[in-house]
Amino acid sequence: MLDDARVSWRHATISWSGRSWFIEDHGSTNGTFVQGHRIHQMEIGPGSSVHLGNANDGPRLNLSSGTSTSSSSSAASASASVPQQSHQQPYAAQGASPGWAAQQAAPQQSVPQQSAPHTGPQPSAPHHTAPRQSAHQQAPQAGTVPQQQQQPAGGGTAAPPSHGDRSPTTFHRLDLGRVMRIGRALDNELVVSDLQVSRRHAEFHAMPDGRFEIRDLGSHNGTFVNGVPMAKGGSALLGPNDIVGVGHSTFRLVGDRLEEFVDTGEVSFSARHLTVTVDGGKQILKDVSFGVPEKSLVAVIGPSGSGKSTLLKALTGYRPADRGEVLYDNRNLYKQFAELRQRIGLVPQDDILHKELTVSRALKYAAKLRFPADTTASERDARIDEVLRELKLDIHKDKKVTALSGGQRKRVSVALELLTKPSLIFLDEPTSGLDPGMDRDVMQLLRGLADDGRTVLVVTHSVAELALCDKLLVMAPGGAVAYFGPPEEALNFFGYATWADVFSAFENYRDYDWAGRWKGSQHYQLYAADVDAAAPQPAPASAPQVMRPSKPQSWGSQLTTLVRRYFAVIASDKGFLALTVLLPAVIGAVSLLIDPGKDLLVRVDERTGRISPNITATTVLLILAVGACFAGAANSVRELIKERVIYERERATGLSRSAYLMSKVIVLGALTVLQGALVGVIGFSSRETTEEGLLLGDGKTAVILELSVPLMGLGFASMMVGLVISSLVKTAERTMPLLVMFTIVQVVFTGCLFILHGTPGVNELSYLMPSRWAVAAAGATLDLNRIFPNTDDPTSTDPLWDHTASAYFLDMAALLALAVVCAFLVARFLRRHEPEVMRK
Ligand SMILES: Nc1ncnc2c1ncn2[C@@H]1O[C@H](COP(=O)(O)OP(=O)(O)OP(=O)(O)O)[C@@H](O)[C@H]1O
């Protein structure tokens, strides 16, 4: 027993393997160190000196041939007899989990080059060139095999400490009958200072009969038992093997003791046998295995189409692999996604911020959406300031995101993800489009994030700064691993001088068995064989239904934040605001140029008493309707596609799809309705119309309002169609042709160009068009059956144009129904852009 706060309760064990002594760290909080390097497991011999808790001044264990002694400032002591070792190897190069070993011995251990890097012309046969060394040639010659080859590989994840073996950060007594409440507020028995935790989150009950129970207190981010979310306000009995998750902390009962483990980020991460098969049975990710210890920076490179994005989706749970598993600190990510997703940060290739906002404002909205509803603005602001300082962005916080350089913008995206203190951070090509200086800047930032106690995995096209990484994963065409190991050994492994050569070889010999070459290599034995050796488990395809993460905020709160953010984005874009007013004003004004001064009344020939069509009325109606239609659809047609990446990311963090959609409907709806009103008022007010209203009473003002309401409705329904288009297309560029097509189709179906009623087929088709119903409603007020009579058959009238309140009402109801159908379609199409677990 060592009386030093830096030493964990179960810190490490020293054991005799039959041949030699080993020290094994039990996932201690502060680590076990040999020669200044943190180790997981290592052979030790006489003369070895082990520090616990701190590499320099932690309690020291000295092993001599007869005894081991411990010493520390607090003079705690322990001793154990260590027999004389029969063979003594330089222990620094052995036994440590290879991730550490690689760091310790990297300079000496690079695989001997079998042949000079290939620089000459490419020979014709792939097996002569692409792999300069065939699989069996890869094995270094006797005497050059690095020591680590004999040790378990896989970056410390070969036998990661099972979660329960970690040393608790702290523990609490839970006597019979006692209730222990966990939460962020200071009046809880167990205060967890973590913004992911609600003020009053959950309660442990030690029941008089000796059983233990956990009760959720309606927490925002949920309470988890073995990774499975509990019902809000629900309770569950706990057994000795159960692990309760609350924010970044997990709890376990040992007798009457409640052990707490805080995830400070220092956790191992591994992928085993990840395989993704798409429709048609094609595998786009093939049996990918690798593992890294805590504080690692891993880069993933590979030619286009080699499955890097697919791998990223599988590792983050966005699109779980069909086979294989992702282990986060020895916990299965797919099975415990609801809990573990809170520990994952993902920075997609495109920025996940609204560029129109200032840095601090954008982060404020993001924090409001991601943190539990009961966090205060000052708590969130404090966390934002902390992250901005950490990423050296505090001097830029009042700048708009658009005003930042590419590298700074990437930092802001990283800052956003760091808000919730994830332990695992994934980045998809963060340096694409950046100049070499910024590339280095971003990679150094990632190096720093890893050093500070996170595991960072970055997919990149840039090979200039790979040396900053601990491990490199090279994907081969077809989605298999071509190499995993230290970056500095990778080019030697491939036998080429530059990455350009390696990628050319991938391109020229796509069908070559790169995976076979890798699996037959010594590097594979060193760095991946142990992870690979673990039996694969099928990922539960149906489980995500159950695992859907809880929402940190209520639906209403999310909606309010989204609406406020959207208004802020629009308000910051003065150009857009000016156009929003200008467009309907111009359309309304232009309509005044059509037969200036002419009325919109029924035209009766005074001599014959017959009605003649009032073309002025139909033309004005057509122009105003098309204007409202175009304005509405144009407002929304790019809206979802331009925010798709943001939506995907926020959806994974618990954003409600319907709240998101509703925020668009409210803000764009309000804009569009105002535009419709402007078009109607300008277009109708200076024309003489009937003064006989249908719903709002008689009089000029009532009639103008009655005529404008259908235009507002049309703008709204068209805006909804625009959202459908926006949710369907793959790129923003494709929205323009669809917008034009939609508008022209509406022109045809207004009913102002030709008589629709009585034209079989065309008339029924027109019922799908918003313009048909809007013109019909306005037409009902204007009495369109008489203004634009069917000259071929004067007895035939369009029932939708009847000058009655019921016709007007029916037309407006149909317009609204079309908008509702569009809303359902948008929700359906949005689903396709969501992480698989969030689709319901
Ligand atoms: N849903 C899918 N159905 C069929 N094939 C798919 C699907 N998704 C991806 N693919 C194919 O799988 C391969 C790997 O795609 P992926 O996007 O992961 O590659 P990548 O390495 O990220 O490429 P890039 O560097 O160009 O982004 C590609 O050939 C792609 O066409």
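Q: What makes up residues 575-594, in helix and strand terms?
A: That span is 85% helix and 0% strand, and its end C-alpha atoms lie 29 Å apart. Helices here are DSSP runs of H or I with at least four residues, strands are E runs with at least two, and both are numbered from the N terminus. Keep in mind that this is a predicted model: local features need pLDDT of at least 70, side-chain atom pairs count only at pLDDT 80 or more, and totals for chains, interfaces and linings use all residues. Residues are numbered from 1 along each chain as its sequence is written.

Q: Why is strand β28 described as largely enclosed?
A: A residue counts as buried if 20 or more other C-beta atoms lie within 10 Å of its own (exposed: 12 or fewer; partly exposed: in between; C-beta atoms are placed from the backbone). Five of the five residues of β28 (455-459) are buried, so the strand is largely enclosed by the rest of the structure. Thr-455, Leu-457 and Val-459 point one way, while Val-456 and Val-458 point the other.

Q: What makes β27 and β28 a pair?
A: Two strands pair if DSSP finds at least two bridges between them. β27 (424-428) and β28 have five, in the parallel sense, so they qualify. Phe-426 stands opposite Leu-457 in β28. From β27 the chain crosses through helix α9 (436-451) to β28 in a right-handed β-α-β crossover. Right-handed means that, with the strands pointing away from the viewer, the path from the first strand over the helix to the second runs clockwise. β23 (297-301) also runs parallel to β28, joined by four bridges, and Val-298 faces Leu-457 there.

Q: Why are β12 and β17 said to stand at the edges?
A: The open, mixed sheet has the order β12-β11-β13-β14-β17. β12 (190-191) and β17 (235-238) each have a single partner strand, so one side of each lacks a neighbour in the sheet. For β17, β14 (212-216) pairs antiparallel over four bridges, with Arg-215 opposite Ser-235.
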